[in-house]
Amino acid sequence: MFDQLSLNILDIGMNSLAAGATVVRITVIEDVPHDQLLIRIRDNGRGMDEKTLRDVLAKNASTKAGRKKPIGLGLALLRQTSEMCDGAFRIQSAPGKGTGVTASMRLSHVDRPPLGDLNATIFALCAVNQDADVQLHYRSGDQKFHFSSQEGKHNEPRRTQETQGKGAAAGCAA
Ligand SMILES: Nc1ncnc2c1ncn2[C@@H]1O[C@H](COP(=O)(O)OP(=O)(O)OP(=O)(O)O)[C@@H](O)[C@H]1O
Ligand SMILES: [Mg+2]
């Protein structure tokens, strides 16, 4: 188990980028009145066919190359955390269309890890693929926050020699 949910989110977001997604939309909703936390990661990557999805859910199957055993941990760990914290875990996927992973949990559950550093997770995903649109939609009560790594990017001044090479920080400017 990770000690921060942002690390689970990073893992699932990495799956999306590995699946060729050009848009990764991360939604986090803290619903205090209903004592619920909802985490959803949706992408427009290559998706999974029925058999792959069944194997992933039933056997924690992995298609990552170079593994001694074809077992994946990213989805299994988020599922375990979600179910342990009285929540539900769901994956929807369609080949060629994309994948959505949804995990809920009881906010006040004693074992629920803190969200942790979501900024660092978004930053890391941006750094992995600067051309993908990595989005964060966060809501907690009346508080709302939206981020898109591609928003305004094409209206920005051209990158100069000075800014080139600053890599992720330049590419991920909000
Ligand atoms: N967003 C996605 N799009 C397409 N396939 C996916 C996606 N997420 C997961 N998968 C499939 O499910 C498998 C299991 O994912 P999981 O994150 O549990 O493990 P992994 O990525 O293979 O390895 P690990 O996360 O432990 O490094 C992946 O190998 C991949 O085949
Ligand atoms: Mg993974």
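Here's a quick briefing on the fold, the core and the ligand surroundings of this predicted model. Local features are given only at pLDDT of at least 70 and side-chain atom pairs only at pLDDT 80 or more, while totals for chains, interfaces and linings use all residues. Residues count from 1 along each chain as its sequence is written, and chains are lettered from A and ligands numbered from 1 in the order in which they are written.

**The sheet**

- Six strands make an open sheet in the order E3-E4-E2-E1-E5-E6, with mixed pairing; strands (E, at least two residues) and helices (H or I, at least four) are DSSP runs numbered from the N terminus, and two strands pair if DSSP finds at least two bridges between them.
- At the edges sit E3 (89-94) and E6 (143-148), each pairing on one side only.
- E1 and E2 pair antiparallel over 8 bridges, and Thr 27 has Arg 40 of E2 as its bridge partner.
- The E1-E2 hairpin has 4 residues between its strands, and Asp 35 in the turn has a positive phi of about 55 degrees.
- E2 also pairs with E4 in the antiparallel sense over 8 bridges; there Leu 37 is bridged to Met 105 in E4.

**The core**

- The largest nonpolar core has 24 residues, and those with the most contacts inside it include Ile 9, Val 24, Ile 39 and Leu 125. Such a core is a set of buried Ala, Val, Leu, Ile, Met, Phe, Trp, Tyr and Cys residues joined through C-beta atoms within 7 Å.
- H1 gives the most to this core, with 5 residues.
- Leaving aside neighbours within four places in sequence, Leu 125 is in contact with Leu 10, Gly 13, Leu 17, Val 24 and Val 134 (contact: C-beta atoms, placed from the backbone, within 7 Å).

**Around ligand 1**

- Of the 20 residues around ligand 1, Asn 15, Ala 19, Ser 62, Gly 72 and Gly 74 come nearest (a residue is near if its C-beta atom, placed from the backbone, lies within 6 Å).
- H1, H2 (50-59) and H3 each supply at least two residues of this shell.

Technical notes. A residue is buried if 20 or more other C-beta atoms lie within 10 Å of its own, exposed if 12 or fewer, and partly exposed in between; C-beta atoms are placed from the backbone. Two residues are in contact if their C-beta atoms, placed from the backbone, lie within 7 Å.
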